[in-house]
Each structure stands twice: as structure tokens, then as C-alpha cells.
Amino acid sequence: MKEWYKDWFSSELYLSVYSHRNDEEAEQLCRLILSSTQIKNGAKILDAACGAGRHSNHFSILGFDVVGFDLSKTLLYVAVNSAKEKTLPANFFCSDIRNVPLKSKFELIVNLFTSFGYFETDEENFSFIKQAYLMLENGGYYALDYLNEKTLRENLVPQSEKSINGGKIIERRKIAGNRVVKEINVFSGDEEIKFHESVRLYSKDDIMKETESVGFKLVNLFGDYTGTIFNENVSNRLIAVFQK
Ligand SMILES: C[S@@+](CC[C@H](N)C(=O)[O-])C[C@H]1O[C@@H](n2cnc3c(N)ncnc32)[C@H](O)[C@@H]1O
């Protein structure tokens, strides 16, 4: 389970299980992030752990010069095809977020929908924040869309079930030490496939401390994709926009 993210995100089932995380939601989040920045049309944006490219492709539609990377070749393939279908540039590459081989500078770097906290050590989890700082132009922005650990701990739903494509998915969730762990069981016909997720829980203060120590200044802190101001006691998400 140590490298659970390699198995789970290489499976096309990921997109079925998270089908509600769609283009409409991505457009909403892109708008929210852009409203906190002053970047100009055509500016360079890096989408870190871009998955199937729903945010990258929307930023491209809006006229930005976008590069996306991800570890999952399965999801990158979907990202490239989706860009081609929309006749958008498809600048995607495969990389591990702990070591991104890029020398270019960006005006906005985004790390969206809990693509954070997957690793065992704090050093690995926070390494991209340091790298993002170095890859940003002065005055550039870094947006992190992560969970709100306080409400997640308080409102965790231990089990839920849903149907997809004639099959069934059972998701079981628990807190294990400082991580939230999810077991995903997909039943299709006689077949049962099992996946795991395990995300390190960082509080708002942990995130703020780390980003400030790197040199970032907080510009805005939202608690959902509609732009409600973050409230640790009620917000579902922690969406932070920082500036270098
Ligand atoms: C929850 S998904 C979010 C994807 C995308 N940002 C979105 O909002 O649709 C997490 C993404 O992180 C990627 N990922 C996981 N581990 C990674 C790693 N070590 N390096 C780069 N990407 C990774 C996964 O492949 C997956 O696409």
C-alpha cells in the first residue's frame, strides 16, 4: 500500500469512481483561482499532477499557455485525447511530482483536488511546494486545493456505496494515525477489484507554516469551489492561493 497512488491512478476505474469531479467543477475552480491572481492572457501555467487534464484544458481554452504533468500514463492519455478533441494544444508529460525536470518559469502553478499528502514523509509531501517556489516568476502564484483535515476527521463517512456502469463500488474510510485511508472495492459481474488511497492529514496551520517558511505569502483562502471564505470548522476544502 506504500505506493498505492501508482495502482489506483493507473486504473481507468479512477475516472468512473470520481466522475462527479468533472469539467464543470474544474471550470469553477479555474475561475476562482484566476480571480485571486493578476496574470494576463497567454501567461504560462503549470498544472502539477494534472490527471486527465480537466483544469489544464480549461486554462488552455481561456487562452493560457499550459503545461501539465502527472505520474499516471493512463490519465495523461485521456488528457491528451481530450485536448485534441477540443483542438487545444496538448502539452503534457509524465513525471513524479517529487522530481520535476523543468527549467522554465511559470506565472501560475496549480496543484488541485488533493494531489497532495500521498507520501510517507513530510519531506516528500512538501518537496513540491519548495520546487514550485523556484519555478515561479517573481510575483507568480501557487494554488493548492486540498482537504480540510478538521471537518474531514469530524464528518468522516465510514462507508458508502454507489453504482457505476452496471457495477457497484463500496468505499470504506477510516482515520489511521495521521492519515485518512480509503479502501475502494469495485464489483463488476463476478469480478472484485480492490484499491487503496492513503492521504496524510495536514492542518491549515501545518500548510501555512510550511508555505510561509518557503517564502510564499497567502493571497486568498477559500473553503469551497464557489469561493466561500475558509472556515476551519465548516469548510470541506482548503483552497489556498499564494504569491511569490
Ligand atoms: C486526485 S487526482 C487529481 C487529478 C487532477 N488534478 C484533477 O483534479 O482531476 C491525483 C493525481 O495525482 C497524480 N499523482 C499521484 N502520485 C503522483 C506522483 N508521485 N507524481 C505525480 N503525480 C502523481 C495521480 O496520477 C492523479 O492524477
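**Strands, edges and helices**

Author: Start with one pair in this predicted model. Tyr142 stands opposite Phe242 in β11.

Reader: How do you know that β5 and β11 pair?

Author: Pairing takes at least two bridges. Seven bridges join β5 (residues 136-147) to β11 (residues 237-243), so the two strands count as paired. They run antiparallel.

Reader: Where do β5 and β11 sit in the sheet order?

Author: The order is β3-β2-β1-β4-β5-β11-β10. This is an open sheet of seven strands with mixed pairing.

Reader: What makes β3 and β10 edge strands?

Author: β3 (92-94) and β10 (217-222) each have a single partner strand, so one side of each is left without a neighbour in the sheet. From one strand to the next, the twist averages 15 degrees.

Reader: Which helix packs on β2 and β3?

Author: Helix α5 (residues 73-85) touches β2 (65-70) and β3. Contact requires C-beta atoms within 7 Å. The direction of α5 makes about 170 degrees with that of β3. Helix α8 (residues 204-214) lies across β5, β10 and β11, running at about 15 degrees to β11.

Reader: What is the order of the four-strand sheet?

Author: That open sheet reads β6-β7-β8-β9, with antiparallel pairing. β6 (159-164) and β9 (191-200) stand at its edges because each has a single partner strand. Here the twist averages 20 degrees from one strand to the next.

Reader: How do you know that β7 and β8 pair?

Author: The cut-off is at least two bridges. β7 (residues 167-176) and β8 (residues 179-188) have nine, so they pair. Lys174 stands opposite Val181 in β8.

Note on methods
Residues are numbered from 1 along each chain as its sequence is written. This is a predicted model: local features need pLDDT of at least 70, side-chain atom pairs count only at pLDDT 80 or more; totals for chains, interfaces and linings use all residues. Axes are lines fitted to C-alpha atoms, for helices over the stretch in contact, and angles run from 0 to 180 degrees between N-to-C directions. Two residues are in contact if their C-beta atoms, placed from the backbone, lie within 7 Å.
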